Structure formats: structure tokens, C-alpha cells
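Hi everyone, thanks for making time this morning. I have one structure to walk you through, so please have a look at it on the screen.

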Amino acid sequence: MGHLSLPASKRNPSSSSRQWRLLDLVSAAFFAAVLLFFFLVFTPLGDSLAASGRQALLSADPKQRQRLLALVETGEKTIIEACSADAVDHMPCEDPRRNSRFSREMNYYRERHCPLAEETKLCLIPPPEGYQIPVQWPESLHKIWHNNMPYNKIADRKGHQGWMKKEGPYFIFPGGGTMFPDGAVQYIEKLKQYIPIAGGVLRTALDMGCGVASFGGYLLAEDMLALSFAPRDSHKSQIQFALERGVPTFVAMLDATYFIEVDRILRPGGYLVISGPPVQWPKQDKEWADLQSVARALCYELIVVDGNTVIWKKPDMDSCLPNQNEFELELCDKSDDPSSAWYFKLKKCVSRKSSVKGEYAVGTIPKWPERLMKPPSRATVMKNGIDVFEADTKRWARRVAYYKKSLNLKLGTAAVRNVMDMHGFFGGFAAALSSDPVWMMNVVPTGKPSTLDVIYDRGLIGVYHDWCEPFSTYPRTYDLIHVSTVESLIKDPGSGKTRCNLVDLMVEIDRMLRPEGTVVMRDSPEVIEKVDRIAHAVRWTTTIHEKEPESHAREKILVARKSFWKLESTSH
């Protein structure tokens with residue numbers, strides 16, 4: 001066990017979850033091997049490397065790779081080859097064999113470590129043998145195809161706690177977890193005694209150390225949207241199971257400065273729930289005492305200690321952090337920007353509420369669903385932000401109507417559950433789909449306006465990301481991926497120079513997309529023509545459409561469908 005006076009990390013943290021005071025509730029489910037009070041380490045330290053022998057380290061000859069890229073861009077190379085069978089679950093930035101080279105101190109090796117593009121073989125990730133089109137939502141919350149991820153370790157180790165079990169061709173999810181073996185529904189009912197889960201006061205949540213995300217899955221029935229995360233682990237794919245179930249999740253890691261980070265992303269008036277060690281846990285009296293001391297130093301109100309669950313409420317004002325405290329914590333400088341997020345070196349200081357303008361505390365922002373369409377005060381991050389917000393909301397309502405009627409996209413049907421907007425902006429696409437049975441990962445690209453806080457203020461979820469790097473998710477995650485102005489994602493916003501290759505970005509999109517999934521791209525006719533050439537090399541079938549009549553932009557729309565191909569050695 002560690003102590004909260006540990007120094008701040010001297011390296012870049014996993015940054016996907018970093019954004020200023022976005023969440024109404026943060027929940028942490030902690031299992032047997034906990035490191036430093038309330039960050040889940042799913043298995044004993046280093047156990048994640050058990051799977052490393054099964055993970056391909058995809059390397060390449062840089063010169064040969066450049067020649068291949070040139071052939072694909074010009075259309076001379078018709079098909080990009082498939083990766084090997086042992087790469088079916090490959091995540092370039094979370095590759096266990098590559099990451100085992102890094103330090104285990106504070107779990108650094110579990111964080112994002114992305115290879116350079118020229119070090120990576122240009123190939124398409126194949127599906128595993130026996131893969132089937134996923135079970136559709138909402139049935140998928142309760143069962144998925146076993147062959148889509150035939151990894152039995154969680155079922156073997158955690159089946160008695162209600163996580164999951166194998167039945168015939170399926171994995172079945174009874175809805176339990178380590179701290180709620182009787183089911184997430186009963187656990188949520190317990191939390192309702194102390195937290196206003198119902199009624200729209202709370203909407204967004206972060207579930208840290210989520211297992212197979214049953215907590216987040218069953219919160220959906222309460223009109224709460226949880227973004228669940230955990231690191232890649234040796235149980236073989238807890239996050240992958242959650243995504244296959246249709247629950248919002250991604251792969252991420254928090255380090256030992258987690259209380260400071262949780263305080264930064266939690267809204268004033270929001271709730272922190274910790275279930276498991278060290279809360280009234282045998283032989284962890286000191287850790288439990290230290291945790292309470294930090295909460296008191298930050299002025300958190302203790303709501304209840306119920307068995308091994310503690311609930312705190314964050315204050316509405318700046319922390320009452322004393323000048324002297326045993327943890328050496330202090331308030332951040334007034335000039336600190338708490339929204340700086342991408343590969344940001346964590347500081348050992350507590351962010352100030354006064355650093356951010358606008359009303360965003362729980363109880364001051366509108367309840368759900370009113371908050372979805374009302375312009376948040378933080379939309380003023382840009383000039384005329386309120387007007388831009390309202391225009392963007394109307395634009396996306398028109399676009400979605402056109403997509404459904406004229407492009408025959410399967411939005412609104414059970415065939416589309418997991419959706420990503422690679423250029424999320426204010427979350428207008430997600431808002432326009434709010435009545436559909438989907439969840440959307442809104443991605444705010446680095447170098448673009450910092451609008452992630454607006455997305456969360458609307459009651460939606462998302463992350464920051466640089467699209468010159470692979471995304472932190474497993475292959476075959478999304479049913480539909482949307483991207484506007486795709487070339488802008490790979491160009492430097494200042495100089496306009498290209499930072500990475502469009503072919504690599506489209507290969508990454510293919511990795512994230514499920515077989516028979518759909519990609520929608522909007523851009524200038526010239527860019528769409530280029531994208532169309534590359535799309536055939538990644539085995540997509542494409543159609544090019546005119547924009548909706550109300551649009552005045554000079555653009556076309558490409559709709560692509562990923563083919564369901566298999567490795568020759570596994571075809572029947």
C-alpha cells in the first residue's frame with residue numbers, strides 16, 4: 001500500500017480521462033489487489049504480462065512501409081494485407097509485449113505507450129476464428145457470443161461473484177460484481193438512499209476499475225450515462241467484454257495522484273463513491289484513515305459509510321485546504337489551466353473552482369434532459385459560442401434526418417449501438433441521436449477548440465485524442481464511426497502541414513470498426529476522392545453522396561461499409 005504524500009508523476013499520464021470538472025458522480029469499484037487506496041489494479045502487479053506471449057509486436061521495415069503507403073495513396077495497391085492471427089486483439093498503444101519494456105513504478109508500464117508509425121506494420125486486424133456479428137442491444141447487455149472473445153479467465157475467476165459465466169455458445173452476464181455479487185441493480189438501489197440518482201439531477205458518471213461494466217450498464221436504466229474504464233489486464237479483456245455488451249467503456253489508467261485527478265474532474269457538488277478496500281477493510285486501518293484525512297483536507301462532506309462503501313460530496317467552493325497538511329497538498333496557481341489535458345504532466349496541487357468561469361456545479365446546471373439542448377455557459381470558450389452552439393445543434397438535427405432518410409444508415413435500429421464521432425465539437429451528433437438506442441464516444445481532437453467540458457455539461461460523454469495516434473480501445477468496438485473534415489485531424493493547426501498519414505488513420509478506423517460496420521466521412525470533393533481510393537485498399541465498399549440540401553459547405557459525403565472478411569487459414 002502506498003501513501004498519499006507520494007510525489008506527483010514525473011511522466012506523462014494516461015490522458016484520455018483528463019478534463020476539468022465534468023462529472024456528476026465518480027464511482028470506484030475496488031477488487032482484491034488495490035494499489036494506493038482507490039485505484040483498481042485488477043490482478044497482482046505485473047500479472048498483465050501473462051498474456052504478452054499471445055500479443056504480436058507488429059514491426060515493419062520503414063522503407064518498405066513508405067513504398068506501400070505511396071502505392072495505397074495512388075490507388076496502385078489494391079488491398080492491404082491482413083495482420084497475423086495472433087493480432088486479433090491488438091491495441092498498438094497498450095501492447096503488453098512492448099509495454100513490458102517500461103518501468104513498473106506506479107504502474108507506468110500499464111499506461112499508453114504508442115509506437116512510431118514507421119515502426120508499425122501496415123496491415124488490417126483480422127477477426128478471431130469463429131467470430132459472429134455481435135448480439136444486438138439490449139440483449140447484448142446480458143449475453144454475447146463466446147467465440148468473439150473466447151477468453152474464459154474472468155468467468156473462471158469471477159463467476160462466483162456474478163460477473164459472467166459461459167453457457168453454450170454465449171457468455172452470460174448476471175449483472176454482479178466483486179462489491180455487488182447480488183447484482184448491480186441492488187447496489188444502485190442502495191446508492192439511491194444517499195445520492196439523487198433518479199430525477200435528472202445527476203447524469204454523467206465515471207466508473208473507475210469497472211470490470212465488465214455492469215454498474216454502468218444498469219445505470220442506463222436510471223437515465224445516467226457512465227463512462228467506464230480500466231487498464232488492459234491479464235484476465236483477457238474486461239473492457240473488451242464491456243464494449244461487446246454495448247456499454248460505454250475505454251482503456252485507461254490513473255496513477256498514484258488519483259485523488260487530485262478525481263477532484264479535478266468531479267463537478268462541485270458531485271459525489272465520490274468508493275466501494276472496497278481500504279474502506280473498513282481488514283488490516284488496512286492506516287490506509288482508510290489516510291483516505292479520510294485527505295477527504296477532510298479537501299472539505300469533502302461525508303455522506304455515509306455503509307459497510308465497505310463510502311460516499312463523499314464535493315464542496316461547491318474552492319478547497320479549504322490548509323497551508324500545512326501531512327500530504328503536502330496545495331492549491332494550484334491561479335494561472336493554472338485545469339483543462340490542459342493531452343499528455344499533461346500531473347501536478348501535485350488541487351485545482352481551483354475559480355479557475356473556470358460559468359455555472360457548472362451540480363444543482364446549478366439544468367436537470368437531464370433539459371441540459372442536453374440548453375447552451376452551457378462554458379460554450380463561450382469560443383467567440384459567439386452560444387450562437388455557434390445553437391447553430392450546430394440545428395445543423396445536426398438536419399444531418400441526422402438526412403442520414404436516415406436519404407443515406408439509409410441504420411441509425412435508430414438495433415443494428416447500431418456503439419457510435420463514435422471522431423470530431424465531436426459540441427456533441428451535436430450525439431444530441432441529435434438522444435432518442436435512439438445508441439451511446440456515442442465524442443472525441444475532441446487535440447489542436448481543436450477545447451470543447452469537452454461543453455459535451456459533459458450537455459450530459460454526454462467523450463475524451464480528448466490526437467488522431468495521429470491509435471485510440472485506446474480494442475479492435476471491433478464500434479458499429480458506426482463518423483468524421484467531418486478528416487484531413488484537418490492529421491494537419492498541424494498552425495502551419496497546415498501534414499503530421500501523419502491518412503492511410504494510417506483509415507487503417508486505425510478499420511481496426512476500431514466492427515465487421516459490417518459503417519463509416520461516414522464528410523469533406524471536400526478532393527479529399528473524398530482520396531479517401532475513396534484508400535477505402536478500397538482497406539476492403540471497404542463505398543458510395544459517395546451529395547450533402548443535405550440545407551448545407552452550404554463545399555463537401556461530399558462518403559458512406560463506407562466494412563466487409564466481413566476472414567483469414568484464409570480460418571475460412572470454411
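Predicted model: local features only at pLDDT ≥ 70, side-chain atom pairs only at ≥ 80, totals over all residues.

The mean pLDDT of the protein is 85, with 87% of the residues at 70 or more. Residues 1-18 have pLDDT below 50, and in the model this stretch has 74 contacts beyond near neighbours in sequence. Residues 30-57 are also below 50 in pLDDT, and for them the count of contacts beyond near neighbours in sequence is 113.

Now to strand β7, residues 204-208. Is it enclosed or open? Five of its five residues are buried, so β7 is largely enclosed by the rest of the structure. If you follow the side chains, Thr 204, Leu 206 and Met 208 point one way, while Ala 205 and Asp 207 point the other way, and all of them are buried. That includes Asp 207, if you'd like to find it on the screen.

Which strand does β7 pair with? One partner is β8, residues 225-230, and the two run in the parallel sense over five bridges. Within that pairing, Thr 204 stands opposite Leu 225 of β8. To get from β7 to β8, the chain passes through helix α5, residues 214-219, and this β-α-β crossover is right-handed.

On to the rings. The model has 17 aromatic pairs. Let me start with Phe 389 and Phe 426: their ring centres are 5.7 Å apart and their planes meet at 50°, so this pair counts as tilted. Where do the two sit? Phe 389 belongs to helix α10, residues 385-406, and Phe 426 to the loop between β13 (418-421) and α11 (428-432), so the pair ties together parts that are 37 residues apart in sequence. Both of these phenylalanines, Phe 389 and Phe 426, are buried.

Compare that with Trp 467 and Phe 471, a stacked pair with 5.7 Å centre to centre and 20° between the planes. Trp 467 is buried, at a relative accessible area of 3%, and Phe 471 is buried too, at 2%. There is also a cluster, in which ring pairs link Phe 171, Phe 173 and Phe 241.

Last, some charges over rings. The charged end of Arg 203 sits over the ring of Trp 368, 3.5 Å from its centre. Likewise, Arg 104 places its charged end over the ring of Tyr 109, at 5.6 Å from the centre.

That's my tour, and I'm happy to take questions.

Technical notes. Residues numbered from 1 in each chain as written. Heavy atoms only, no water. pLDDT = per-residue confidence, 0-100. Contact = heavy atoms within 4.5 Å. Phe/Tyr/Trp six-rings, centres within 6.5 Å; stacked < 30°, edge-to-face > 60°. Helix = DSSP H or I, 4+ residues; strand = E, 2+ residues; numbered from the N terminus. Buried < 20%, exposed > 50% of the residue type's maximum accessible area, 1.4 Å probe, protein only. Lys NZ or Arg CZ within 6 Å of the ring centre and 35° of its normal. Pairing = 2+ DSSP bridges. Right-handed = clockwise from strand over helix to strand, strands pointing away.
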